[in-house]
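Please open the structure in your viewer and have the selection tool ready.

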Amino acid sequence: MTRIQVLAPHIAALIAAGEVVTRPAAVVKELVENALDAGAHNITVDLEDGGVRRLRVVDDGCGMAAEELPLALQRHATSKIRAETDLLAIQTLGFRGEALPSIAQVSRLEIVTRMPAAQGGMRLRAVAGEIEALGPAPAPEGTQVTVEDLFFNTPVRRKFLKSREAEQAAVVEAMRQLALGYPEVHFRLTAKGRILLAAPGAQTLLERVAAVYGSEVAGALLPFALDGGPLAAAGVLSHPDFSLASSRFQVLLINRRVVQDRLLAAAIKTAYQGLLVRGRHPVVVASLSLPPDQVDVNVHPAKAEVRFRDQGKVFSLLLAALRQGLGKLAGESPPPRYQAAWQPGSLALAQDPGVEPAPPMPSFPRPASPWPLPAAPAEAPPRPEPTPFRFQDLRVIGQLLNTYILAQNSEGLILVDQHAAHERVLYEILGEEAQVPRQALLFPRLVEVSPAQADWVRANLDLLAQEGLVLEPFGGGGFLITQVPACLAQADPEGVVLDLVETLAYAEVLGNRPDTVIVGIEPADISPWGLELTEVVQARLADLCERVLGEIEQAGGSYRPRSSEDRSQRNTAAMF
């Protein structure tokens, strides 16, 4: 039996560092938050090898005094808290005094700093948390922090880092979110001389969104603002006509702190309920202002989660603000236009018009019995075997609400969701064919992506071509679309590429293999929803149903009632 013992100081320090420093993006987040707390107006971040080999954060904040610099590497040394009561009124992004010691513990660290009134600056160098050099040095006002060889002394942790592109993309995402919380601050992110993010200061929120996510996204946003006394919510949200395949363009800020909160995410989902198709997500940048004593930010090692004193009030505030921004589009969901009920034997009665249902039996109160009732028989009467369902037995009889194909067989009426069936056909085509059929474009289309996404596209041109999408570099973040999958020939090529790259590049950040995501493209741009039953459509409806259902049958699909779990999976035959 092992005995309890106190860990060696350096082991305890490595464990503590692991709670804060998980990847280069976490280092950048902590250092940029320190710069914002120092009152910086200009923040520049430079990366090398995704931030693993080297990253540097430069700001023009208040800097540190010479006597304070060595204290910055001592754990729980901070300028933001003096007493226990300060924990109930935290208004800064950092407050624990753990970031710099944790970063220094797993890297080679250099800090150069100067206060505005100081005659000269100071330089500190540390390796694995131990200070090796400290002395005066020329420096501009502010602080420059350089982190090299991240996790050099913890090789096991370094093995868990992803590719250079994935780590760089994670840094870009962290910088985007911080920039949205501080539109008055100039943010700049570079890598090997290339600008990955440039967001000038003194911007409105819409201007900042355009700088961070692009003008196309900003052009689809609607502002909202709601003041509820001590609580207030403001921001921008996208029109339901504009949606994305991922939810990572939903940024939640609590007192300008980027947080991840299921309650607030549920408010966004509720506000857009009934306005977006399945698998699509809105763009939302929501900033909530709360009294410091109404929110606890000291509940997560990376300060990414918070806890509210009154969750219901915060949820209602954000939901009301979002609905205000959506205006008339956020009306209550309409009541169902029909109700369905099922009783055993009702189908057989309905099929025989000469048989009338028996009148209901009168009900009488059942007297309580002082004795236990006999157990039910162990074996239930045998049920007849259900008739195997075959697609070729269906006979198309019409269409409902321009959305469902109506068919019948010997068992009754079958409704086929033509959109979901179409998805299944495209899924099988993209997933099983060795070479996806391509459609060459008569005139190549130019699409522009962000610098970070351009790196991913250049590294995955062969993968995209294998899936039927042929792109050619056109300088900078531009690519020419020359061929698209034949099944997407009627879609908007630029929209397909932007949506696909956004989804797959982010999936790689999360550690998903691109080839497991690419077959899950949502064919929203070529949705067969709203297909009107014109004479031409009526003439071809039987062929349409036969083709859709026949291809599903050939792919090995079969009809069965769908459970709630089935509905959550995109790669199942969505029929009922």
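Which residues of helix H8 (residues 262–271) are buried? Before selecting them, note that this is a predicted model, in which local features need pLDDT of at least 70 and side-chain atom pairs count only at pLDDT 80 or more, while totals for chains, interfaces and linings use all residues. Residues are numbered from 1 along each chain as its sequence is written, and side-chain values use heavy atoms, with hydrogens and water left out.

Select Leu-264, Ala-267, Ile-268 and Ala-271: these are the buried residues of H8. They lie on the same side of H8, because they cover an arc of only 100 degrees around the axis, taken from the directions from the helix axis to the C-beta atoms. Buried means under 20% relative accessible area, exposed over 50% and partly exposed in between, with a 1.4 Å probe and protein chains only. Helices (H or I, at least four residues) and strands (E, at least two) are DSSP runs, numbered from the N terminus.

Next, select Arg-262 and Lys-269, which are exposed on the other side of H8. At the start of this helix, a side-chain oxygen of Asp-261 comes to within 2.9 Å of the backbone nitrogen of Leu-263.

Now move to strand S10 (residues 231–238). Six of its eight residues are buried, so S10 is largely enclosed by the rest of the structure. Strand S9 (residues 221–228) runs antiparallel to S10 and is joined to it by eight bridges. Select Val-236 in S10, the bridge partner of Pro-223; Val-236 also stands opposite Val-285 in S13.

Notes: A polar contact is a pair of N or O atoms within 3.5 Å; within protein, one must be able to donate a hydrogen and the other to accept it, and residues adjacent in sequence count only if both atoms are side-chain atoms. Two strands pair if DSSP finds at least two bridges between them.
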